[in-house]
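Try each task before reading its solution.

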Amino acid sequence: MARLEIASLSKLYGDFQAVREVSLDIADGEFLVLLGPSGCGKTTTLRMIAGFVTPSGGAIRIGDTDVTDLPPWKRNTGLVFQSYALFPHLTVAQNVAFGLEMRKVGRDDIAPRVAEALRMVRLGHLGERLPRQLSGGQQQRVALARALAIRPDVLLLDEPLSNLDAKLREEVRVEIRELQRQLGLTTVMVTHDQEEALTVADRLVVMSEGEVRQIGTQRDLDERPADRFVAGFVGRSTFLEGRAEGQGAFVTAGGLRLRCAVGSAAGPAVMALRPERVALGTAPLGLDNDLPGTVEFVSYLGAVLDLRVRLSDTDRVTVQMANRQDGMAPAVGARVHVGWSADAGRIFTQDAGAAA
Amino acid sequence: MGFAVDTRRLGRWALNAVACIAMAYLLVPLVSVTWLAFWSQEIPTFPPEGYTFAWFGAALAQPKFVGGFLTSLQVGIAATALGVALGVPAALALARRGFPGRGALNQFLLMPLVVPGVVLGTAIYVFQVEAEIATEWPILGSVPGLIAGHALIVIPWVVRLIGASLAGFDRSIEEAALNLGAGPWTAFFRITLPSIRPGIVAGALFGFVTSFGNLEMSLFLIAPGMTTLPIAILQYLEWRLDPTIAAVSVMQIALIAAAMLVTDRYVKLARVV
């Protein structure tokens, strides 16, 4: 277990900048998630930490060691692959023992450590099976045990759950998180699935086009997204295009005058609204922004309902409400009122930065 | 409706019939040569007059057949070993590395299977003559010379079948080995090589069978007095036509079938080929 420091890490493939000046400082025992759409550079960053991709610039330190120029087999990282990557011709126990053999652990010490690692993932009874005799979830747990057995300084998880079905994904996710806490493992996980990221991470790193857009806790990203990309990628947002007028005023493309937090500079801008922070009623709600509208579309999502409400010819907001038996559930075409407080709407000016 | 069902049934029936004809086409020579090997009369005329095991004894009593068999075996094994040693790196390079002319090289390595045996034999004969003149080493007519020639027809099989194994090989398995602390060589010998073993075994088997049965190239490359089994069979046939030849063929078929069955126990050939 160790601290992991990444300083101005970059990777160029010809003219393509896959990763640009990424700097991260991951505390001992922290669970950090790199989140972003495919092609954002998160996997390349992870592979640079593991040593499979040579950085074009920057440095990586694990504990007190600069590993930037070390080959993968001389870095003490435990990598769990999306495809499990188990050795098909070796049994489960032999798979887990492989890293220990490579570390010249004594024969007598290998067996108990293999057993311990398999017990941690609740597969102690399957040591003699071949990987192909196991289910996907079991295979991924073997891969995890194999990575844990070597007692890595840093645990690296490359989309470890994306090949599993939804129910299993949640199960293995919880298991990974619990083990990580118990063992106090410094962990970096890569995923494109925001729900997965939000449930396991201590901190999240949102990446896009090779760059870090924001680093923060779930709360930071939810309440204070750094830019329009983060607002749209983490959690959900509806965007109202328009102009910031300064002095806490915003005019939408459809001509609606809205109030927002004071402090945004005047100019073309977009207002991002979290659907769960927009209220809905049949009469005016008495909020800073209070507008009549027409329900255009209703999606039932189990415990919640999503309603798309048309405010003007060009402006629509999504409202999330609890799906209760006794509550009102407006039908398509119903006239409703929506409202939100001035600080619920976040203004992003065109040059990407958050203004309010 | 009834018409549609009939058409479908007819179609299936026709397909089965074609499959049976194809199977028969493949099996008839094997079955007839096996049958012939047991006929008692010396001149094979139908119907057989009786049955005997005598021809097998006659075949084994011929020093040319026994000697030819041993030479073919020796050359086949050595050529297969050489072909695998060269074919594995070639297959790896073709599957793993992007380099200019890769596609062309891939096709080129299959050439020995496509070029007519006589053409290939002539080419190698001329090359070995020139090489012998240039180096003054006794290449032509030597066993090593014959092995080198046969390795050429082993390589395409090895490269093709290992290539097929590598195509289904997930490279992150190798990366997992490196991540766990194995250096590149250890990862290759402990992880990659065992994973492509089915391809290597199948390639070696088919390569060996090709070498063992090769006639055209051997005809050019052997020295006077030296003989391989196919050449011994050809020479015998020039003078006589009796079931001894059939007996030799049956033994050859049995040997190759046994090799395939034994191999198949360890490596499922159907998964590779």
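**Exercise 1. Salt bridges**

Task: Find how many salt bridges the structure holds over all chains, then examine the one between Arg122(A) and Glu175(A).

Solution: 
- Start with the rule: a side-chain nitrogen of Lys or Arg lies within 4 Å of a carboxyl oxygen of Asp or Glu.
- Over all chains, the structure holds 28 salt bridges.
- Take Arg122(A) and Glu175(A): their side chains meet at 2.8 Å, N to O.
- Now place both partners. Arg122(A) sits in the loop between helices H3 (107-120) and H4 (136-149) of chain A, and Glu175(A) sits in helix H5 (residues 166-183) of chain A, so the pair ties together parts 53 residues apart in sequence.
- Helices (H or I, at least four residues) and strands (E, at least two) are DSSP runs, numbered from the N terminus.

This is a predicted model: local features need pLDDT of at least 70, side-chain atom pairs count only at pLDDT 80 or more, and totals for chains, interfaces and linings use all residues. Residues are numbered from 1 along each chain as its sequence is written, chains are lettered from A and ligands numbered from 1 in the order in which they are written, and side-chain values use heavy atoms, with hydrogens and water left out.

**Exercise 2. The interface**

Task: Describe where chain A touches chain B.

Solution: 
- Count contacts (heavy atoms within 4.5 Å). They join 23 residues of chain A to 18 residues of chain B.
- Look for salt bridges across the interface. The rule finds 2.
- Glu175(B) pairs with Arg47(A), with the closest N and O atoms 2.7 Å apart.
- Assign elements on the chain A side. Strand E6 (77-80) and helix H2 (92-102) each give two or more residues.
- H2(A) gives the largest share, 4 residues.

**Exercise 3. A pocket**

Task: Which residues lie nearest the centre of the second largest pocket?

Solution: 
- Define it on a 1 Å grid over the protein atoms alone: a pocket is an open set of points where a 1.4 Å probe fits, with protein on both sides within 12 Å along at least five of seven lines; lining residues have an atom within 4 Å of a point.
- The lining has 19 residues; Arg96(B), Arg97(B), Arg171(B), Glu174(B) and Phe188(B) lie nearest the centre.
- H9(B) gives the most to this lining, with 6 residues.
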